[in-house]
Every structure is written in C-alpha cells, then in structure tokens.
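Could you walk me through this structure, stop by stop? I have it open in my viewer and would like to know what to select next and what is there.

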Amino acid sequence: MSRRGELDAIIVGGGAIGAALALGLARDGFDIALVEARAPTPWNPSDDVDLRVVALASDARLLFENLGVWTAIAGARIGPYRRMRVWDALAPGELAFDAAENGEAALGWIVENGLVQHALWSALGAEPRARVLCPAEVAGVDSDDEGVAATLADGTRLRARVLVAADGAESPLRKALGIDCDDRDYAQRAVVANVATARPHEETAWQRFLPGGPLAFLPLADGRSSIVWSLPGAEAARVLALDDAAFRAELGAAFDFRLGEIVSSTPRAAFPLRLRLAKRYVAGRSVLAGDAAHVVHPLAGQGMNLGFRDVACLRRVLRDARDRGGDFGAPHVLRRYERERRSENALAAHGLDAIERLFGATDPLTPTLRGAGLALVDRLAPVKHVFAAIAAGRS
C-alpha cells in the first residue's frame, strides 16, 4: 500500500472502462479499489448473443492483450470484421475498406459488452492489488493537498492519491464534482436487434446513411448481424411497435437488401442518442474517464474505443509520474491526461457530429455531393488509407 495505508487509486464504476482501468493499474503495481453499485450479469456461452455489442478497434485489442484477457475474449465468442462498406441511400457512390489492403487480418472485432466485462471482472478477482467493493455506492468525496477520500453509503471511508469517475454517461460523481457538460440531444433513438439474413454477412461491417439516420449491420460470430438503426424518436417508437414480419420487411428495405431478406430477428430494444462532452476532466485529485467524460454518436462505433484510449493514456500518465518519484495524483499530473484525451475525444465527437449533420441533410444538392465524395475517397488510396487507419484504431 502507499503511505499511511492509503490506496493508490479509487475507481468508481465497474463497467468495461472502469474494470479495464482497475485491472491495468493493479497490473502496473498500484493498489486500487473498484467501487460498483451492481455486479455485472454473468456471461454464459449458452445464452443468446446480447444486444449490446462493441466494435473493438486494434488498439483495444492491444490493451486487452496487455491486460491478459484477450485470449479469454477471443476464445469465447467474437466476430471479426475484415471489410467495411459505406453508402448513401440518396446518391450513388460507395466507400469500401478491406483489411487485406493494409496487410491486416481484421479491421476490428464485434464482441458483446457483457463478455468484455466478464473477462475483466474474472481477471480482477485474481488480482492481489485490486479490491472490489460491490454492491457499493459513493455518498461523498473530499480532497486535500495530499489525497482524496470517498465515503461510501454504508459509512466505509476510502482514501487514495487519485479518484477516477468511470460511472457512466449520467455520472453522479461528475455532477458531485461540479463538472458541467456541453450537450446535444439528437432527438433520435438507436433501435438494436440481432438478425439473420438470407446471405452471409461476409465478415463485413455495413453502414447505409438514410435520411432519418444511419443503419449499421455488424457481423456476429454466429453468422447473424447486430443492427443499430438510428431513427427520429417518433419513428423509432413506430418501428419498435411493428410485428416481427413488418419489422423484417422494413429493415430489409432500409438496408437495400444487401444481404437478401431478413429471415429472423430477436426482440428489439432502443436507447436515446446524444452528444455530451465534459468541459473539464479534472477536479482536484479526481478525474473523469469513459462515458463520464464523453458520449458520442454511435455511427462509427467509436464510443467505447475512445474510453479504452482513456484507460491507456491515464495508465501511462500515472505510471510515468510514479516512476519519476512524483505525486502521481497531483492535479498538474492529471491535467496531462486531460490535455491529451479531451482534445482527441472532442475532435472525434465533433467529427462524428459533423458527419451526422452532413448525411442527415436532404436538400437537392448535398446528397449528390456526398455520393461524389464517397466515390472520390474510395479511389484515392492515400486518403482512403487514412480513413481506414482511423476506423481501425491505428490513428
């Protein structure tokens, strides 16, 4: 333990981002406590594929390999995507990526959020430097020049050099720390389901831009596809209320029947879409990570990958400060992380927001320009390479 029996770090929030950070810091030699209100639902390979999936980029895979959990994830149930196809419903022109063009085995991997969390929690259970407190909630936080303390709802008091709020998009800790956000409500909901199609998904991530929002088909390990269909709120409600046959017919038409008819579908769910960026990441010795710091439009599947990059960056910053003999929880150290991650996260969020606005425009000229732009990028190898690298997490 660190001085006077303190912990080195308290991580609040045991989702994929918080659990990855807790495991990473413990493996880096820090004594940590992970505080989570609800234990994750156990993942079982005999259960159907969960509706919540993440498109892991290559740098997320490197992080999981470093944490020693990639083999468990990849050996359970994972769907690589080796190609991407992007096209516009209102204009000709298509953009296609292939991992083989860059000498890669895959552009990314589609994996259930629950499986990621299961692998991380299983590893945490065997990590001697990690203390998991669950169910537990933080009732209050206070800090001084030397440390930060978290008082739990049951009266337990934890003290550490740094506290990380990784407690989700509605982060109670962010609000308690007085950190405001910039918000944009897209007035859309993402309808999700797992579907089987008449033709194989070809290990391809497909995305069609429709006037109401993008529609993505993501390849699952069992041959089905996970769909994410962004729709205006009222239209999402109507689609959710359709019977299965009507839903499959509308979904197939919206997807331009690229994989033939939709032959089966699981029950649907939906979640609201918004852009949310914390105006700062640091308050004293407390720092934000993951959805507590940033929420982006899901059209490129980058939200959780941005969170895993937060994890990699914060681990590096804390480790470097400690190895130099410095106070790794000092605000000026945490601001190094803030400068790096807030800049990239804001750029990604506003870039995705601009794409959403561009492809949501339906005036006579814009769709024509969009289609021409997709076709042009597809023919310009250097530009296409940059887009592929970003999509695969290499930039």
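Start by selecting Arg342, which is partly exposed, with a relative accessible area of 32%. Here, buried means under 20% relative accessible area, exposed means over 50%, and partly exposed is in between (1.4 Å probe, protein chains only). Arg342 sits in helix α9 (residues 331–360). Helices (H or I, at least four residues) and strands (E, at least two) are DSSP runs, numbered from the N terminus.

Before moving on, a word about what is on your screen. This is a predicted model, in which local features need pLDDT of at least 70 and side-chain atom pairs count only at pLDDT 80 or more, while totals for chains, interfaces and linings use all residues. Residues are numbered from 1 along each chain as its sequence is written, and side-chain values use heavy atoms, with hydrogens and water left out.

Which residues is Arg342 in contact with, leaving aside its neighbours within four places in sequence? They are Ala278, Lys279, Arg280, Tyr281 and Tyr337, where contact means heavy atoms within 4.5 Å.

**Next stop: salt bridges**

Side chains of opposite charge can pair when their charged atoms come close. A salt bridge is a side-chain nitrogen of Lys or Arg within 4 Å of a carboxyl oxygen of Asp or Glu. By this rule the count comes to 29 salt bridges.

Select Arg309 and Asp59 to see one of them: their closest N and O atoms are 2.6 Å apart. Arg309 belongs to helix α8 (residues 303–323) and Asp59 to helix α2 (residues 58–67), so this pair ties together parts that are 250 residues apart in sequence. Are these two partners buried or exposed? Arg309 counts as buried, at 11% relative accessibility, whereas Asp59 is partly exposed, with a relative accessible area of 23%.

Move on to Asp183 and Arg274, whose side chains meet in a salt bridge with 3.3 Å from N to O. Asp183 is in strand β12 (residues 181–197) and Arg274 in strand β17 (residues 269–278), so the pair ties together parts that are 91 residues apart in sequence. Asp183 is partly exposed at 40% relative accessibility, and Arg274 is partly exposed with a relative accessible area of 26%.

Now pick Glu250 and Arg238, a salt bridge with 2.7 Å from N to O. Glu250 lies in helix α7 (residues 244–254) and Arg238 in helix α6 (residues 233–241), so the pair ties together parts that are 12 residues apart in sequence. Glu250 is partly exposed, at 28% relative accessible area, and Arg238 is partly exposed, at 33%. To finish this stop, select Asp59, Arg309, Asp310, Arg341 and Glu344 together: salt bridges that share partners join them into one network.

**Next stop: two packed helices**

Two packed helices are described by the angle between their axes and the distance between the axes. Show helix α1 (residues 16–27) together with α8: they pack at an angle of about 25 degrees, with their axes 9 Å apart. In α1, the residues that meet α8 are Ala16, Ile17, Ala20, Leu21, Gly24 and Leu25. Their partners in α8 are Met304, Gly307, Phe308, Val311, Leu314, Arg315 and Leu318.

Select Ser265 in strand β16 (residues 262–265). Ser265 is buried, with a relative accessible area of 18%. Leaving aside its neighbours within four places in sequence, Ser265 is in contact with Ala193, Asn194, Val195, Phe247 and Arg248.

Most residues other than glycine have a negative phi, and most peptide bonds are trans. With that in mind, go to Ala187, which has a positive phi of about 55 degrees although it is not a glycine. Ala187 lies in strand β12 and is exposed, with a relative accessible area of 52%.

Asp256 also has a positive phi, near 65 degrees. Look for Asp256 in the loop between α7 and β16, where it counts as partly exposed at 39% relative accessibility.

Last, zoom in on the peptide bond from Cys134 to Pro135, which is cis, with omega near 0 degrees. Pro135 is found in the loop between β8 (130–133) and β9 (138–143).

Terms used. Axes are lines fitted to C-alpha atoms, for helices over the stretch in contact, and angles run from 0 to 180 degrees between N-to-C directions.
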